[in-house]
Amino acid sequence: MNDVAKITELLQPYLNNDYFYIVDVQVAGRQGGKLKVTLLLDSDEGITIDECASISRQFGNQLEEMNFFGESPFTLEVSSPGIDFPLTRIRQFRRNVGRTILLTLTDGKQVKGKLDSVADEQIVLDVQPVKMSKTKMKAAGLIPGSEGPTAFSFDQIKQATVEISFK
């Protein structure tokens, strides 16, 4: 079991019976040098700075007491993924229903629209019409002619990000 898998397992008691969920775990650096452990956590209602700080203190103490990284010094960073971090979990998709999402599909094409619904195997995106020629759309990797409610299975989605609007 690698460090990320071990950390994920050790982190479970701090998730308050799945109230919080893990978005990402990263361990950067190398044994013998300084390591940086980054935990991205979230919940259906979001996660506060105080909650991140509490988990960081408690979990950091546990890692130190276990001598998890041996003699290697480490920095532990616990935060929310932020609005610009790609959506990777079904709970993140559900939390963003009603927002505009940009999908990059496994075939490289992109689709943009309002997230209408989320099921276990797929999402439904109300694809917005794009005002550009079909040639420019193809060059930009957009799917010409696709608009309105369209289902996309999670297997088709390479990356999904929330589009930030300042309107």
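Figure 1. Strand 2 (residues 35-43) is mostly covered, with eight of its nine residues buried. Buried means under 20% relative accessible area, exposed means over 50%, and partly exposed lies in between (1.4 Å probe, protein chains only). The model is a predicted one, in which local features need pLDDT of at least 70 and side-chain atom pairs count only at pLDDT 80 or more, while totals for chains, interfaces and linings use all residues. Residues are numbered from 1 along each chain as its sequence is written, and side-chain values use heavy atoms, with hydrogens and water left out. Strand 1 (residues 20-28) pairs with strand 2 in the antiparallel sense over eight bridges; two strands pair if DSSP finds at least two bridges between them. Y21 stands opposite D42 of strand 2. Strand 2 is also joined to strand 3 (residues 74-79) by six bridges, and these two strands run parallel. Here K36 has T75 of strand 3 as its bridge partner.

**Figure 2. The whole chain as helices and strands.** The protein has four helices and eight strands. Helices (H or I, at least four residues) and strands (E, at least two) are DSSP runs, numbered from the N terminus. Along the sequence, their pattern is α-β-β-α-β-α-β-β-β-α-β-β. The protein has 167 residues, of which 35% count as buried.

Figure 3. Strand 5 (residues 110-118) pairs with strand 6 (residues 122-127) in the antiparallel sense over five bridges. L115 has L125 of strand 6 as its bridge partner.

**Figure 4. Aromatic pairs.** The structure holds five aromatic pairs. Rings of Phe, Tyr and Trp (its six-membered ring) pair if their centres lie within 6.5 Å; planes under 30 degrees apart count as stacked, over 60 as edge-to-face and the rest as tilted. The rings of F69 and F74 have centres 5.3 Å apart and planes at 55°, so this pair is tilted. Both F69 and F74 are buried. The rings of F93 and F154 have centres 5.3 Å apart and planes at 70°, so this pair is edge-to-face. F93 counts as buried because its relative accessibility is 3%, whereas F154, at 21%, counts as partly exposed. One aromatic cluster is formed by F68, F69 and F74.

**Figure 5. The largest pocket.** The largest pocket holds about 230 Å³ of space. On a 1 Å grid over the protein atoms alone, a pocket is an open set of points where a 1.4 Å probe fits, with protein on both sides within 12 Å along at least five of seven lines; lining residues have an atom within 4 Å of a point. Of the 14 lining residues, D42, G82, I83, R95 and N96 are the closest to the centre of the pocket. The lining divides into six nonpolar, five polar and three charged residues.

How values were computed
Points joined across faces, edges and corners; volume = space filled by probe spheres on them. Nonpolar A, V, L, I, M, F, W, Y, C, P; charged D, E, K, R; others polar.
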